[in-house]
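Subject: Handover of a structure and the findings on it

Dear colleague,

Please find below the structure that I am handing over to you. My findings follow directly after it.

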Amino acid sequence: MFQFCCSSRDAKSIENEKKDFDEELLDGFAWAERSNLLRSSPSSMLRRKLDGDLEVWVHFSPDHWAKKRKPETRPMEGTGPASSSVLRPVDPEAFNFTKINEQEVLKDALEVGSWSVSVLACISPLCFGHVLFVPDRAKLRPQALTTELISCGLQLLTASKRSDFRVVFNSMKRLPVEYMSRSRVAGDRTEGKLCCELLVESWFCRGLILSAGAKEGEPPEGAADLDALTDFAGRVVQFLQEKNLAHNVMFVPYLGERIKPLFDPYEVQDVPPPRAASPEIYIFPRKPEGDCREDPGFNAAICEMSGLLFAHDEQRFNSFDEDQVAEIFKQDVSMDGHDFDDLICKVAWMIP
């Protein structure tokens, strides 16, 4: 299941009005809000920026936590590794998206490549336009990324023309983590290449950023090779799954070069080679959710890892500071440094 930002219920009117992908999503979300399907409204969310260098934002809405659909905690049979596996089988008796109110289905057959994707209203949205994309909803697929699903996510991403569109696995403006400095691990975005970067240690959660150059023979400054990027990300995710390492993933569109190369007219230097306009895939390997302290004051999910926190209560909304948040993430959430170093080595060897 992917999240973001919705589709109108009336497929015939969509066809007649020839709305584009973004209009369908946002109109569908607005319809769900007008129809009182949502348990909370993004307009009631309190927001403030934490003091510090990371540009982290904290949010709070009493309705969001009080009325949010409670996750079911049905234990899996046994106490062995399978009960804490990142590749858990589907439990058809627990909550799943075939059991929702059918009015929450904004579109039940969005064709994305070979996938039939259901677009669902997120009834406890974090922002305007927050919806759920559920591929092959009736088949009850496990909540695990595959190479094919990564391709589906990238196709959803590139269908949007908005710079504030994000697809996440577990937003809606440029997230704080996207402004952070990176260090290149291997590769680049030149023709026929793949690239892996990592977030610098000043960010509170370790993460990788994957991108790709253009296909060989294509304009090197044009579109990235999405097939190669899909395969690369799929191999990284598969490695994490095989090692039973929890992870969160975010797909980000190309928004231009983050840092323009410096040019000194008095220095003889090589002209940097052209680089492709590549989407980016953020992968955050992490500790299992059960390792987090009993109530840190927020859920350590993909939005929080990206710098948008949603506080559990007003007291902590008002009292959180950047140092507190960083300490919680570094101790309870972020992958240990030694394990992350091993992962970097594995990923670097995946790049030709």
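The model is a predicted one. I begin with glutamate 104, which is located in the loop that runs between α3 (62-67) and β4 (105-112). Its relative accessible area is 8%, and because this is under 20%, glutamate 104 is buried. Leaving aside residues up to four places away in sequence, glutamate 104 touches Leu37, Arg69, Val119, Leu120, Ala121 and Ile123.

Nonpolar cores

The largest nonpolar core comprises 50 residues. Within this core, Phe133, Leu210, Phe232 and Ile281 have the most contacts. Helix α5 (residues 226-242) gives the most to the core, contributing seven residues.

Helix α4

Helix α4 spans residues 147-159 and has 13 residues. From its first C-alpha to its last, α4 reaches 19 Å, which is close to the 18 Å expected at 1.5 Å a residue. Its buried residues include Leu149, Ile150, Cys152, Gly153, Leu154, Leu156 and Leu157. As background to this list, an α-helix has 3.6 residues a turn, so residues three or four places apart point the same way.

Two residues in the loop between β6 (131-135) and α4 deserve a separate mention: aspartate 136 and leucine 140. In general, most residues other than glycine have a negative phi. Aspartate 136, although not a glycine, has a positive phi of about 50°, and a positive phi of about 50° is also found for leucine 140, again not a glycine. Which of the terms buried, partly exposed or exposed applies to aspartate 136, and which to leucine 140? Aspartate 136 has a relative accessibility of 14% and counts as buried, whereas leucine 140, at 26%, counts as partly exposed.

Aromatic residues

The structure holds nine aromatic pairs. In one of them, the ring centres of phenylalanine 21 and phenylalanine 165 are 5.9 Å apart and the planes stand at 65°, so this pair is edge-to-face. Phenylalanine 21 belongs to helix α2 (residues 21-34), while phenylalanine 165 is in the loop between α4 and β7 (167-169); the pair therefore ties together parts that are 144 residues apart in sequence. Both phenylalanine 21 and phenylalanine 165 are buried.

Phenylalanine 60 and phenylalanine 317 form a tilted pair, with 6.3 Å from centre to centre and 35° between the planes. Phenylalanine 60 counts as buried at 6% relative accessibility, and phenylalanine 317 is likewise buried at 6%. The ring of phenylalanine 317 also has the charged end of arginine 48 sitting over it, 5.8 Å from the ring centre. Elsewhere, ring pairs link Trp203, Phe204, Phe298, Phe320 and Phe329 into a cluster.

Cysteines

How many disulfides does the structure hold? There are zero disulfides. For cysteine 195, the nearest cysteine sulfur is that of cysteine 196, at 7.1 Å. A disulfide requires the two sulfur atoms to be within 2.5 Å, and cysteine 195 is in no disulfide. Cysteine 195 is buried, with a relative accessible area of 4%; cysteine 292 is buried as well, with a value of 17%.

With kind regards

Terms used:
Residues are numbered from 1 along each chain as its sequence is written. This is a predicted model: local features need pLDDT of at least 70, side-chain atom pairs count only at pLDDT 80 or more; totals for chains, interfaces and linings use all residues. Side-chain values use heavy atoms; hydrogens and water are left out. Buried means under 20% relative accessible area, exposed over 50%, partly exposed in between (1.4 Å probe, protein chains only). A nonpolar core is a set of buried Ala, Val, Leu, Ile, Met, Phe, Trp, Tyr and Cys residues joined through side-chain atoms within 4.5 Å. Helices (H or I, at least four residues) and strands (E, at least two) are DSSP runs, numbered from the N terminus. Contact means heavy atoms within 4.5 Å. The expected span of a helix is 1.5 Å times one less than its number of residues. Rings of Phe, Tyr and Trp (its six-membered ring) pair if their centres lie within 6.5 Å; planes under 30 degrees apart count as stacked, over 60 as edge-to-face and the rest as tilted. A charge sits over a ring if NZ of Lys or CZ of Arg is within 6 Å of the ring centre and within 35 degrees of the ring normal.
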